[in-house]
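Reader: I'd like to learn how to read a model like this one, feature by feature. Could you walk me through it?

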Amino acid sequence: MLNISENPNYKLELASSPHIHSRWNTKQAMWMVVLALFPSLISAVVFFGISQLLVVSVSVAFCVLTEIIIKVVRKRKISIGDGSGVITGLLLGLILPPNFSLPFTAIGSVVAIAIGKEVFGGIGFNIFNPALVGRAFLQAAFPVPMTTWSKANYSADAVSSATPLSAFKFDSIFAESSNLFFGNVSGSIGETSAFAVLIGGLFLIAAGIVNWRVPAAMILGAVIFGGIFWIINPVKYPDPVFHLFAGGFLFGAFFMATDWVTSPLTQKGMWIFGLGIALMVIFVRIFGGLPEGVMYAILFMNAFGALMNKYTPPKLFGEVK
Amino acid sequence: MKLLTKIKSFKGGVHPKESKELTEHLGFEIMPTPQMVIIPLSQHIGKPSIAVIKKKDEVKTGQIIAEADGFVSVPIHASVSGIVTEIHREPNVAGSPIEAIVIKSNEQKETISFTQMNPSIITPDQIRERVKEAGIVGQGGAAFPTFIKLTPQAEKKIDYVILNGCECEPYLTRDYRLMIDQTEEVLGGLKLMMKALCVEKGAIGVEDNKPEAILMLKEYVKKYPGISVEVLKTKYPQGAEKMLIKAVNGKEVPPGKLPLDVGVVVQNIGTAVAIYDAVIKGEPQITAALTVSGRGIMNPKNLIVKVGTPLSEVLEYCGGVTNDAVKVVVGGPMMGVAQYDFSAPIMKATSGILVLTESEVNSHPETPCLKCGKCIEVCPLGLVPTKIARYSQLEKYEEAENSNITVCMECGTCTFTCPGNIPLVQWIRLGKKRVLKLQKEKLTA
């Protein structure tokens, strides 16, 4: 039993150092993100009814299915166990309007995985956030259902209502901030409750899975840029708190912009990325033709990822500039 | 207010599970002299030593059996008394087999030692000479001949000697035990180094996970004016020279430069003890203090072992390995070398033997890079590991060079952290070798 080199029962590993590894690997981290989305899922059920689970389920199922089919066709290893397809499905489902058409949801899922991820070569190689690619496609293809919002706490098919952002944009009405915070307003399935988003998002930061700099930069940006307009004219423009809690801002900050693959690698890059998104969101909300700009802002900044990595290298230890 | 004072450290780094509880409470045990020792002729960085004995010669413990060859080299002494049976290539813990002297012990007790010196009247030259003839090499891993680091250069003013008591590698508790059990030798050794370099200021940097050692040192250090105990944050690689200097006195060693360039000499705890033993007690470096640990060894221990003892005998002395052992490492888990031949001997600078089980190794299949940026966040030297590893993989050596691949000290922090289990430091190590080779070719061309 002693000489382990001579005992065939021992499987001796000879890989070079380091010989130990941190507790996190991609797979665990991805499933942690799935877990972190549960509070938002619960808020969706609370405010828009149990049927929202159907929309999310269809979205997840078609994302997973699309990934499997593409992997099989391309004769690649099926890596669905890494959870990234499930995350895309959950994210897409949660940013659709309540009671969104199930066939359209399925189409969005296929686009998200096929065009958003797999055409680039699969996980790790995509430039744009897949879930947002899916949503952008749906927004362009089905503009009417994509902007039909049911009212929170009302039964499914009946009442349609303005979101706080469109109410502000088209009628200059500011929503009650406590309703905005807890999510008792109309909006996308999982985006309305800032409270639920914060629970999941802060958990991910505490667990060291997402980098705090991206949401911090976005929030800082919204406070600064939103604050400037608010100070200029508090009657016409909403306060920064409204900007933070309305629409998909926090959901985007914690779950979309923090996507490992499509956010910058360097710390400076992450700050620029987050501030850039916030600036664009505020401009779209105040001057743009659309009530909400989080999706386009993130997709737009995604495009600059490689550029930011190139021009914001970390400071070399001991280097004197 | 005390809470608000920031504990000294550096930027980046990781905190692996310490696993020091396996051996930290155990004092050193002296392992009995083995039947046979294998003493490699190269236990240091630099030219291998030249054997001065022949097959069948009788040698005594402490006798010189190999002389230094050139400046960057050291003499080697017999660690046991006995008969030289072979001088040939033997397996080695650092990698490929190297020339070694095999001595069969005859269990004679007679030893050869140096004269004992009085620390109060000794001169810097005498210290250096003794450190050289005792064959002392650095105990921090690189095994650089110590007397060279104690030789001041005219153009570089040294004003600070820092003793590295971080022991930031998980599992290892050798330096910790030396600081507690041989506090006098540790500080005495540091004092001798300061004297050799004509330096007034000395410090011992210790991570804050070793409160007992800090307490002991702080008590003893009162007798040594000019020496301070610096409590540092427990973080890997706090014990890397550049990180240690940054934490202790705030200076950053520029890329491609040495501690000497900022006026600092860094030495290991084990080296200080070896210097004290050589100068004050007259003993050459023929033993190694080391930690045998990991969840794959039956009885983890802190041991004092004769240089040349085969690994297999040390493992046997510690009760053998468990059934779920998968890896045997010489050194720490972050930078040590995995072993394939257990007849390889313990060397002067061996600090530990780890027997790791599957759950400790925690290996997972590799995935593509997900651009999470964690390797950049933890790299203590401000490199972009994922990028330079990729350049190395694609054999784009010029780009790798421009991205400072040669600055990497191979601490492994990036690979430890990578959620995709990409062997980043392994690729970088390979690329670094190629880049250095290409640079050399360019110089000679």
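**Strands, cores and a contact**

Author: Let's start with one pair of residues: B:Ile64 sits opposite B:His77 of E6(B). Keep in mind that this is a predicted model.

Reader: What is the strand order in the four-stranded open sheet of chain B?

Author: That one runs E2-E8-E7-E4 (chain B), and the pairing is antiparallel. Strand E2 (36–40) and strand E4 (58–59) of chain B are the edge strands. Strand E7 (residues 82–92) and strand E8 (residues 95–105) of chain B share nine bridges in the antiparallel sense. As an example, B:Ile83 has B:Lys104 in E8(B) as its bridge partner.

Reader: Now a parallel case. How many bridges join E9 of chain B to E12(B)?

Author: Five: strand E9 (residues 160–165) of chain B and E12(B) run parallel. There, B:Val161 stands opposite B:Val265 of E12(B).

Reader: And why is E12 of chain B described as largely enclosed?

Author: Because five of the five residues of strand E12 (residues 264–268) of chain B are buried, the rest of the structure largely encloses it. Look at both faces: B:Val264, B:Val266 and B:Asn268 point one way, B:Val265 and B:Gln267 point the other way, and all are buried.

Reader: What about B:Ile269: buried or exposed?

Author: It has 31 C-beta neighbours inside 10 Å, so B:Ile269 counts as buried; the cut-off is 20 or more. B:Ile269 lies in helix H7 of chain B. Leaving out residues up to four places away in sequence, B:Ile269 touches B:Leu163, B:Asn164, B:Gly165, B:Asp175, B:Leu178, B:Met179 and B:Val186. For B:Asn164, 105 residues apart from B:Ile269 along the chain, the C-alpha atoms are separated by 6.0 Å.

Reader: How do I read a nonpolar core?

Author: The general idea is that nonpolar side chains tend to be buried together in soluble globular proteins. Here the largest nonpolar core has 143 residues, and B:Ile162, B:Leu190, B:Met193, B:Ile275 and B:Val314 touch the most other members. Helix H7 (residues 269–279) of chain B gives the most to this core, with eight residues. Another core, of 77 residues, lies apart from it and includes A:Trp271 and A:Met256.

Reader: Over to chain A, then. How do I approach a helix such as H6?

Author: Helix H6 (residues 130–141) of chain A has twelve residues and reaches 17 Å from its first C-alpha to its last, close to the 16 Å expected. Among its buried residues are A:Leu132, A:Val133 and A:Leu138. The buried residues of H6(A) pack against helix H4 (84–94), helix H5 (102–114), helix H12 (249–256) and helix H14 (294–302) of chain A.

Reader: Last one: how many residues does each chain bring to the contact?

Author: Chain A brings 40 residues and chain B brings 55 residues. On the side of chain A that touches chain B, the residues divide into 21 nonpolar, 14 polar and five charged.

How values were computed
Residues are numbered from 1 along each chain as its sequence is written. Chains are lettered from A and ligands numbered from 1 in the order in which they are written. This is a predicted model: local features need pLDDT of at least 70, side-chain atom pairs count only at pLDDT 80 or more; totals for chains, interfaces and linings use all residues. Two residues are in contact if their C-beta atoms, placed from the backbone, lie within 7 Å. Ala, Val, Leu, Ile, Met, Phe, Trp, Tyr, Cys and Pro count as nonpolar, Asp, Glu, Lys and Arg as charged, and the others, Gly among them, as polar. A residue is buried if 20 or more other C-beta atoms lie within 10 Å of its own, exposed if 12 or fewer, and partly exposed in between; C-beta atoms are placed from the backbone. Helices (H or I, at least four residues) and strands (E, at least two) are DSSP runs, numbered from the N terminus. Two strands pair if DSSP finds at least two bridges between them. The expected span of a helix is 1.5 Å times one less than its number of residues. A nonpolar core is a set of buried Ala, Val, Leu, Ile, Met, Phe, Trp, Tyr and Cys residues joined through C-beta atoms within 7 Å.
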